[in-house]
Amino acid sequence: MLLIKNAEVYTPARAGRVDVLMAGGRILRVEPEIRMPAEYCEVFDAAGLVAVPGFVDAHVHILGGGGEGGYATRTPELALSDAIRGGVTTVVGCLGTDGVTRSLAGLLAKARGLDEEGISTFVLTGHYAVPLQTLTGSIERDLLFVDKIIGVGEVAISDHRSTQPTFDEFVRLAAESRRGGILSGKAGIVNIHLGDGRRGLDLLRRVIAETEIPATQFLPTHINRNPGLFEEGIAHAKGGGFVDFTTSSIPAYIADGEVKCSQGLRRMLDAGVAGTQITFTSDGQGSLPTFDEQGRTVGVGVGRVTSLFPEVRDAVLQERVPLDVALRVITANPARILKLRGKGQLAAGHDADLVLLTPGDLEIHSVVARGRWLMKAGAALARGTFE
Ligand code: ZN
């Protein structure tokens, strides 16, 4: 048992100074003045610290990705220590551009490995390509038979690297994911990779207008990648859809018009978008290619899960977004939208995933995942098998 006492708690709603009691990987109670005998329970005095839910990063290339500048540019797998340093206690793994040398079997194995190492994982089936490549032969079977599979993605549209899916292909895919989600009690979410193409959200708007599939079946990502797409995202979210920002970036992208996530959150809230419609994800371990005018790859960086929380921190400290609102984009919102049971909230019955922050500058001080310390007062207490 672990009792965190005297922290300023955000569940992510502001709860004031309450104690958090955890046992067996779950949160038992979140109440003022919990007392437990010391022989049964580790008591940690978190006076002066801020306790928040462990972060959910819902778009991470845990198996590595990339390869867009040739074989040598294939990016490495996620290391547990990166997740720990980033306060990320839940990741949703996905494949990206490459669904040939990267496989769903490998993705699932990597997810199970991270689970064994101490964090929680889910995965998406498929990759950029349509028709989708699945694990068991169909999207519905994947959702029904494989516990970790919660949806589809990342399916690429409006991008020179996409398979240029037709309307009919795209609708069929979304319909199968919806039905599989309904049958399995999962979200069946379709995570859409948006490129810089002129068509932007055209395909998604058409699906919502012409079929019975609701806007909430989709989580379009990289919505901040250029100013035009960002504006389309505002309209989509105000119409009831969800939008996902990508926090991994490089200066060249920002110079090119990418909207910094912290500023984008402020702008969307000011534009009247409900805070509940927005998520941030890192695109961790994805490649960050730069292309020249002719579309040739001229450089490749690697996304980091450690980029996730700094954008929330900047939203609070620089853009004056209230902490409880900003926290939701990496806790309660992705957990709700993706139906990740037990995740994203500090509440009785939920998983014991918790991050302690320093007051004022909001640095990550400690990380608890499923009731186990992964970082304590800045010192990592766990590492990946081969780290
Ligand atoms: Zn992508």
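Q: What spacing do the donors of the zinc ion follow along the chain?
A: The donors of the zinc ion (N, O and S atoms within 2.8 Å of the metal, or 3.2 Å for Na, K and Ca; water is not among the atoms, so sites may look incomplete) follow E-x38-H-x28-H. This is a predicted model, in which local features need pLDDT of at least 70 and side-chain atom pairs pLDDT 80 or more, while totals for chains, interfaces and linings use all residues. Residues are numbered from 1 along each chain as its sequence is written, and side-chain values use heavy atoms, without hydrogens and water.

Q: Which protein atoms are the donors of the zinc ion?
A: They are Glu154 (OE), His193 (ND1) and His222 (NE2), 1.9 to 2.2 Å from the zinc ion. Glu154 lies in strand β9 (residues 149–157) and His193 in strand β10 (residues 189–194), so the pair ties together parts 39 residues apart in sequence. Strands (E, at least two residues) and helices (H or I, at least four) are DSSP runs, numbered from the N terminus.

Q: Is Glu154 buried or exposed?
A: Buried means under 20% relative accessible area, exposed over 50%, and partly exposed in between (1.4 Å probe, protein chains only). Glu154 is buried at 2%, and His193 is buried at 2%.

Q: How many disulfides does the structure hold?
A: A disulfide is a covalent bond between the sulfur atoms of two cysteines. The cut-off here is a pair of cysteine sulfur atoms within 2.5 Å. The structure holds 0 disulfides. For Cys94, the closest cysteine sulfur is that of Cys261, at 16 Å, too far for a bond. Cys94 is buried at 1% relative accessibility.
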